[in-house]
Amino acid sequence: MERRKHRRFQQWNKAIITSASGGDGIPPRCPIDAYAWDLSLGGARIQSEECFPVGAIVRIHLELVRSRESVSIDGAVRWSRRNEKENIYEFGVEFQECNQTALQAIMKNLYRETDRKAKGEQRQVSLGKGAM
């Protein structure tokens, strides 16, 4: 059974980890270039050349690919692992106290294309009914 609170969207978004503190270890020095993958309203999977300890609080600057907006958001590292195949670290971040502006930018980025497709399908259906 799925434990996630929010739908995940598989899209690459450039990320810069601008600061990190705390956790079960010593976080690397920042800033660090990274990528966000599996983005949702509640968090993201981050890929980076550096390892971040579970429990660390990171500030992430996201460049949202669809909406072409940028947001900075704090997140707590919930899990971390080495991806040997890709030779990179992955870690899951749960967003913390997301402000309204950042939340709206993420929503716009995630749902923009999905909403267009749904509206296009509705138009096609209604046009098909009128043609009968």
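Helices (H or I, at least four residues) and strands (E, at least two) are DSSP runs, numbered from the N terminus.

## Overall layout

By that definition, the chain has one helix and six strands. Along the sequence, the pattern reads β-β-β-β-β-β-α. This is a predicted model, in which local features need pLDDT of at least 70, side-chain atom pairs count only at pLDDT 80 or more, and totals for chains, interfaces and linings use all residues. Residues are numbered from 1 along each chain as its sequence is written, and side-chain values use heavy atoms, with hydrogens and water left out.

The chain has 132 residues, and 36% of them are buried. Buried means under 20% relative accessible area; exposed means over 50%; partly exposed lies in between (1.4 Å probe, protein chains only). The accessible surface of the chain is about 8800 Å². Carbon and sulfur atoms hold 47% of that surface. These areas come from the Shrake-Rupley method with a 1.4 Å probe; for residues, only the protein chains shown count as cover.

Contact means heavy atoms within 4.5 Å. Take the contacts in the chain with a separation of 6 or more: 60% of them join residues 24 or more positions apart.

## The nonpolar core

A nonpolar core is a set of buried Ala, Val, Leu, Ile, Met, Phe, Trp, Tyr and Cys residues joined through side-chain atoms within 4.5 Å. The largest one here has 25 residues. Those with the most contacts inside it are I17, I46, I60, L62, F95 and I106. At least two core residues come from each of β1 (13-21), β2 (32-37), β3 (43-48), β4 (57-63), β5 (70-83), β6 (88-96) and α1 (100-131). The largest share, four residues, is supplied by α1. In soluble globular proteins, nonpolar side chains tend to be buried together.

What does I46 touch, not counting residues up to four places away in sequence? The partners are I17, A34, Y35, A36, I60, Y89, E90, F91 and V93.

## Paired strands and their hairpins

Two strands pair if DSSP finds at least two bridges between them. β4 and β5 run antiparallel and are joined by seven bridges.

R82 has Y89 of β6 as its bridge partner. This hairpin has four residues between the strands, and N87 takes a positive phi near 55°.

## N83, at the end of β5

N83 lies in strand β5, whose run is 70-83. Is N83 buried or exposed? It counts as buried, because its relative accessibility is 17%. Its side chain reaches the backbone nitrogen of K85 at 3.1 Å. That is a polar contact: a pair of N or O atoms within 3.5 Å, where, within protein, one must be able to donate a hydrogen and the other to accept it, and residues adjacent in sequence count only if both atoms are side-chain atoms. Leaving aside neighbours within four places in sequence, N83 is in contact with I88 and E90.

## Salt bridges

A salt bridge is a side-chain nitrogen of Lys or Arg within 4 Å of a carboxyl oxygen of Asp or Glu. How many does the structure hold? There are eight salt bridges.

R45 takes part in a bridge with D38 (2.8 Å, N to O). Both R45 and D38 are buried. R45 also meets E90 in a salt bridge (3.4 Å, N to O). R45 lies in strand β3 and E90 in strand β6, so this pair ties together parts that are 45 residues apart in sequence. E90 is buried, as is R45.

D74 and R59 form another salt bridge (2.6 Å, N to O). D74 lies in β5 and R59 in β4, so the pair ties together parts 15 residues apart in sequence. D74 is partly exposed, with a relative accessible area of 24%. R59 is partly exposed too, at 38%.

## A buried loop residue

L39 sits in the loop between β2 and β3. L39 counts as buried, because its relative accessibility is 0%. L39 and L64 are 25 residues apart in sequence and 10.0 Å apart in space, C-alpha to C-alpha.
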